[in-house]
Every structure is written in structure tokens, then in C-alpha cells.
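Here's a quick briefing to read alongside the model. Have the viewer open and follow along.

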Amino acid sequence: MRRSSFIITVGIACLMVFMSCGGHNKLLKSTDNELKYQAAMNYYEGKDYNRALQLFDLLQSAYRGKPEGEEIAYYTAECYYNQKEYEAASHYYKKYVVNYPFAKRAESALFRSACCYYLESPNISLDQSVTENAIVELQSFIDIYPESSLVDSANILIDTLKYKLQEKFYNTCMLYYKMDEYQAAITSFEIFLKEYPTSLHREEIINYMVLTYYKYALNSIYEKQRERFELALEKYNTLSYMYPDSKYVKELEPTINKIKSELLIIKTK
């Protein structure tokens, strides 16, 4: 017992020497893989992820196929994740799952990989390709682990991402409207209502469709005006039916009176 304790004490002392000031470079050059492994784990525990990664990288081939190899693979991903390098982290989490599909941490690693996409999702004003990919990744996790305790969390993240896409689309619709791009606005509004039938913007969008058709008609050739005025009136009737107490119903009354007057003039010609 005394001999074992002495060996452990000496080992810890040697490790502390290597990890002291200037010792990290010696560790990188050392041929003692066990010492490197222990140092890497200590760096990780101490949140010195950059140094831990340097050692994990050197140790991957030496411990391939061994229990330590699984630890190295997992903690490599964790280091990148904790450094907020989410693209690299996702790559290494996936690599871990591929190499250790039956490991206890495979499920959480795949979830973390999907979360990396979620965390990389950009501001709503930017391109949302990463957001769409994040939804795919999270849904893939749910499909692979449908009984996981993490499924509820994955669904919450998916809902958050879908809401972001909805708001992005809404902003695009409104941009067309504000730019007086009538056809583009109408098409976008129609697609939005089809894709997001329960959106909180539904009432507002039908209001803008009335206004868009009205403006479109005023700026159309005579042969197209009647059809577009009637479409504006149709959308107003839809709004009144679906949302009888809507503030927009009252606000649109002057516009609807103008539309009716325009239609009466057209019919008398």
C-alpha cells in the first residue's frame, strides 16, 4: 500500500511539474501518453480547453480502440462546444456517435450536435439556411431516439426555430408590401397563410391583402381593375367573417367605400 501511494504521489507531482509554467510544451513533446492523457483531462476540468484539445489531438491514434479513446473522442467535442466553436463541435459529436454508436453518451452527443446547429442559427435578418438545417438535425435526433427524455427539449427548440422562420417570412412579405411590389406581396401573403394557418399575423396579413389588392387595382390597366377591386372586397369579407371584432375591419371601412365606388363606376361604363 505504501509503495502504491508513493507511486501515485510521484505521478501527480510529475504531472504538476509538466503542467507548470513552460511545462505544456514539454508535455506536447513527451512520449508518455498516460501522462498526456491525465494532463489533458486536468486541463479540461480546469476549463483550459485549448490546451486540452492539443493533447487530445496527439492522443487519438495512440488510444484508438481503447476505453480512453472514447473519452478522448467525447471530450474533444465537449472542448469545442465549451469554446463556442459549434460547427467543429457538431462534427466531433457526430464522429463520436458514428464510432461509438452504443456508448451511453451517444444519445446526448447526437442531441448536442443538433443543438450546435440551433446555437449557430443567425439573426432573423440574415439567411436562415442554418436554421432550416437545425430543424432537420433536431428532427433526425427525435426520429432516432423517439423515447429519449430529450425529445421534449428538441421539440421546444424546433418550435423556436420554426417561429424564427415564420417571422423571417413575415418580414419578407411586409417588405414587398412597403416597396409596392403588389404581385410579389400578394403571392407571399398567400403562401404565408397556407404555410402558417395559425399564425398570430393572420388577421394582420388579411388586412394588408385588402390594401394591396386595392393599391394594385388603382395602379392597373382598366381591364384588370374590376377583378382586383373585387378581390380586395373578397378579402375584406373574409376578414370580417373570421375576425368580426378586429380593429382592421373598422379601419378599412373608408377603403372599402372607395372600392365600392370604383366598382360602381366601372359597372356603369
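Let's start with a ring: Arg 228 sits over the face of Tyr 216, 3.9 Å from the ring centre. For a charge to sit over a ring, NZ of Lys or CZ of Arg must be within 6 Å of the ring centre and within 35 degrees of the ring normal. This is a predicted model, where local features need pLDDT of at least 70 and side-chain atom pairs count only at pLDDT 80 or more, while totals for chains, interfaces and linings use all residues. Residues are numbered from 1 along each chain as its sequence is written, and side-chain values use heavy atoms, with hydrogens and water left out.

**Rings and charges**
- Arg 112 also lies over a ring face, that of Tyr 81, at 4.0 Å from the ring centre.
- The whole structure holds 18 aromatic pairs, where rings of Phe, Tyr and Trp (its six-membered ring) pair if their centres lie within 6.5 Å, and planes under 30 degrees apart are stacked, over 60 edge-to-face and the rest tilted.
- One of them joins Tyr 96 and Tyr 100, a tilted pair at 5.4 Å centre to centre with 40 degrees between the planes.
- Tyr 96 is buried at 1% relative accessibility, whereas Tyr 100 is partly exposed at 21% (buried is under 20% relative accessible area, exposed over 50%, partly exposed in between, with a 1.4 Å probe and protein chains only).
- Phe 192 and Tyr 196 have ring centres 5.1 Å apart and planes at 45 degrees, so this pair is tilted too; both residues are buried.
- Ring pairs also tie Tyr 44, Tyr 49, Tyr 74, Tyr 75, Tyr 81, Tyr 86, Tyr 93, Tyr 96 and Tyr 100 into a cluster.

**The largest pocket**
- On a 1 Å grid over the protein atoms alone, a pocket is an open set of points where a 1.4 Å probe fits, with protein on both sides within 12 Å along at least five of seven lines, and lining residues have an atom within 4 Å of a point.
- Helix 5 (67–82) and helix 6 (86–99) are the elements giving two or more residues to its lining, and helix 6 has the largest share, 4 residues (helices are DSSP runs of H or I, at least four residues, numbered from the N terminus).
- Among the lining residues are Arg 64, Ile 72, Lys 95, Tyr 96 and Tyr 100.
- The lining divides into 5 nonpolar, 4 polar and 2 charged residues, with Ala, Val, Leu, Ile, Met, Phe, Trp, Tyr, Cys and Pro counted as nonpolar, Asp, Glu, Lys and Arg as charged, and the others, Gly among them, as polar.

**Positive phi in loops**
- Most residues other than glycine have a negative phi.
- Asp 180 has a positive phi of about 60 degrees, in the loop between helix 9 (151–178) and helix 10 (182–195), and is partly exposed at 40%.

**Packing and contacts**
- Helix 4 has buried residues including Tyr 49, Leu 53 and Phe 56, and its buried residues pack against helix 2 (23–29), helix 3 and helix 5.
- Arg 226 is in helix 12 (residues 222–242) and is partly exposed at 38%.
- Leaving aside neighbours within four places in sequence, Arg 226 is in contact (heavy atoms within 4.5 Å) with Leu 263, Ile 266 and Lys 267.
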